[in-house]
Structures are given as C-alpha cells and as structure tokens.
Amino acid sequence: MAEISNERPDNQLLLWEVFVQEGTGEAHGHAGNVHASDAEMALQSARDVYARRGDVTSIWVVPSAAITATTPDDVAPFFGPAADKIYRHPQFYKIPRDVKFQ
Amino acid sequence: MTEAQEISLAPETKQHLFQLALQLGDDLLILGHRLSEWCGHGPYLEEDIALGNIALDCLGEAQNFLALAGELEGRGRTADTLAYFRNEYEFQNCHLVEQPNGDFAMTMARQLFYDLYLSLFLESLQRCSFSPLAGIAEKTLKETRYHLRHAKEWALRLGDGTAESQLRFQAAVDHLWIYTAELSEGSQAHRFLGEQGLVSTPQLIAERWQQLMTEILTEAQLRVPVSTNMIRGGREGKHSEQLGHLLAELQIVARSYPGATW
C-alpha cells in the first residue's frame, strides 16, 4: 500500500526575507517575507508589500533558506552565560567623576 | 492652469488637448477598474497586492487626466462627472483596456501592451510645451515604468516558463494583438498635436513600440503575431460589448445616489 503523505506541497514559490532601509545611511531592518519565483520578482513583491508607504530608500531580499538561525535548544548555551557575569555589562562600572559624557 | 497659458492656446489646440487628456484618463480609468476586479482573486497574496497597487495607481492617474480634461473643456465637468456620468459612446478609451481579465496571462499581456505604449507616449508628453499636461505625464511616467517592469518580468517568466504557461501567454498575445493597431495609429487629437509639434507623432511611437515589443516577446520565447483584422474605433466612442457591463458596475452607485458622500 502506498504511503499517504500528510505533507502539503508548498505551491507558493520560494520564500524570501525582506530587509528595508528607511533613509540613506540607516541600517536595513527586517520587514517580513514574501513568496517569489526568483530575486527580481521577490524585489517587486517586497516593494508592493512593504515599501509602498513610507520613505524607503533601499530593499534587500535574501532567500530564507540562506539564513542559519539558532534553535530554542541553543538559548541556554548561547545566551545564558551573560546573565551571571554582570561585570561584562557596561552598566557594572561606575563612571569616574572627572569623565564627562553627553 | 494659469490664465496666460489658457489665453495662449488656440481654440483648436485646446479642443484637441481636451480630447487627448480625456483619452488618457479614460484608458487609465477603465484599465484601473479592470485590474481592481482581481482584488481577492490574485494567484497568491503578493501578486494580489501588486495588482491592487497598480489598479490604484491607474485610478489616481485617471483622476489627474480627467480633472485636466474638465478644465480644458471649461464646461464645469469634474473628474467625477466625467467618470460617472457619461455613457459608453462618450468614452474614448482604446479597445485593449476594456477587454476582460481572462486568465493571469491575459491580464499581464494586456498590461504589457498598454504599459509599453503609455510609457513611450508619456516620455514625449512630459516634454510637451503645455505644462499642466507635461506635469501629469511626468508623474504618471514614473508609475508606468514600474507597471511595465512588472508586466515584462511576468511575460519573460510565463513565456519562457512551463509548457502550459507558454501556451497561455502565447494565446493571450495572439488574442489581444488585434487591439494594438489602435494604439499605434493614435487618435485624431494625437495626430493633430503631433503635427503641431506638441508631442511625438503616433508613427514615431508606433515604430518604437513594435521594435521593443518584438524584443520582449522574442526574449520570452514567444511568437510575434501577424494579424490583419485589427480593431479600431475606441477613440471615436465605438466600443466592444464589454465596456457597457464594466460601466454599469463602475457607475451604479454614483448614478443611484448622485452627490452621495462617505
């Protein structure tokens, strides 16, 4: 008997992450994602979905598959140690009286 | 429009400028309405939003051209009165834009044909010495170039895509080809203003259109059709049966409740 698959094929093309820059010199921030067959179509969709309103100066699209991310299991080893070593945080240190800052 | 510009226009020129603004306004109003019919029916979310955006751009551009047409006519008609209170035979849009959406390939082929024509026409119109029209042309051209890019990218992907997508896009190109002569020949108003040197002549635009369209279709692995039974008459108010149905939907609210606001 043939195996019945519960997986639904994704017929919505490839997934792309969209990064939008709002103003020259600003960092590109993650805006969301779009489905598209290739980079050019992803750029166009990103423009229509995320950049039609507001002052956008540049868009990046990146294949979602190209992103390597941490998993929930990584949280403790990756981010845990910082909490108990408070001297690693700049706030730990008192600023000497003679140091001026703005 | 400044008073000085109004005075300097010969009555005949003014009449033809009115016709030209009306024709572009009608093209964009009808095309925008057609595209709005896709709302909620796009092949996937992103394309649904893209089609909605293009539809809104077209309607905004139509409003600018029709408002100018109303001013040139000088009989107190606004963009709204021109859009909602004229009958089929008073519309001067080309046949191409009133053709039904069909499948996605049909919509994109229609868009490709029209946007290439419009962008070439606007490139010349933005240098027109009648500045109110040049201003609207310049603004419209920016948006049209984006619409053209969108349609062209789809043509390349569908034409040079799967066996079915190629079949469908070729069928759309073949079906709509008969409506392209009307664009290239230009209206009487366009020919008049071309002779006056206010805009490029229809012939110049037609040659460029043919050349660029051949390049695009060839790149998309599609055949350039050869048709002899070309359809004309839209600019003189002769339309296909499609326009009446479209106008019924477009105009019913404004005609049922004249002056209603919300």
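This is a predicted model: local features need pLDDT of at least 70, side-chain atom pairs count only at pLDDT 80 or more; totals for chains, interfaces and linings use all residues.
1. Setting aside neighbours within four places in sequence, Leu133(B) is in contact with Leu17(B), Ala21(B), Leu68(B), Leu125(B) and Cys128(B). Leu133(B) is also listed among the residues with the most contacts inside the largest nonpolar core, together with Ala21(B), Phe65(B), Met108(B), Ala109(B) and Tyr117(B).

2. Helix 11 runs over residues 202-219, 18 residues in total, and reaches 25 Å from its first C-alpha to its last. That is close to the 26 Å expected at 1.5 Å a residue.

3. Which residues of helix 11 of chain B are buried? They are Ile205(B), Trp209(B), Met213(B) and Leu217(B). These four cover an arc of only 85° around the axis, so they sit on the same side of helix 11 of chain B. The buried residues of helix 11 pack against helix 6, helix 8 (163-176) and helix 9 (180-185) of chain B.

4. On the face turned away from its buried side are the exposed residues Gln211(B), Thr214(B), Glu215(B) and Thr218(B). Just after helix 11 of chain B comes Gln221(B), with a positive phi of about 65°.

5. Now to chain A. Its secondary structure consists of two helices and three strands, and from the N terminus on the order of elements is β-β-α-β-α. Of the 102 residues in chain A, 14% are buried. Among contacts in chain A with a separation of 6 or more, 42% are between residues 24 or more positions apart.

6. Finally, where do the chains meet? Eight residues of chain B are in contact with 12 residues of chain A. On the chain B side, helix 3 (45-73) and helix 7 (131-159) each supply at least two residues. The largest share of that side, four residues, comes from helix 3 of chain B. By type, the residues of chain B that touch chain A divide into three nonpolar, two polar and three charged.

Terms used:
Residues are numbered from 1 along each chain as its sequence is written. Chains are lettered from A and ligands numbered from 1 in the order in which they are written. Two residues are in contact if their C-beta atoms, placed from the backbone, lie within 7 Å. Ala, Val, Leu, Ile, Met, Phe, Trp, Tyr, Cys and Pro count as nonpolar, Asp, Glu, Lys and Arg as charged, and the others, Gly among them, as polar. A nonpolar core is a set of buried Ala, Val, Leu, Ile, Met, Phe, Trp, Tyr and Cys residues joined through C-beta atoms within 7 Å. A residue is buried if 20 or more other C-beta atoms lie within 10 Å of its own, exposed if 12 or fewer, and partly exposed in between; C-beta atoms are placed from the backbone. The expected span of a helix is 1.5 Å times one less than its number of residues. The arc is that of the directions from the helix axis to the C-beta atoms.
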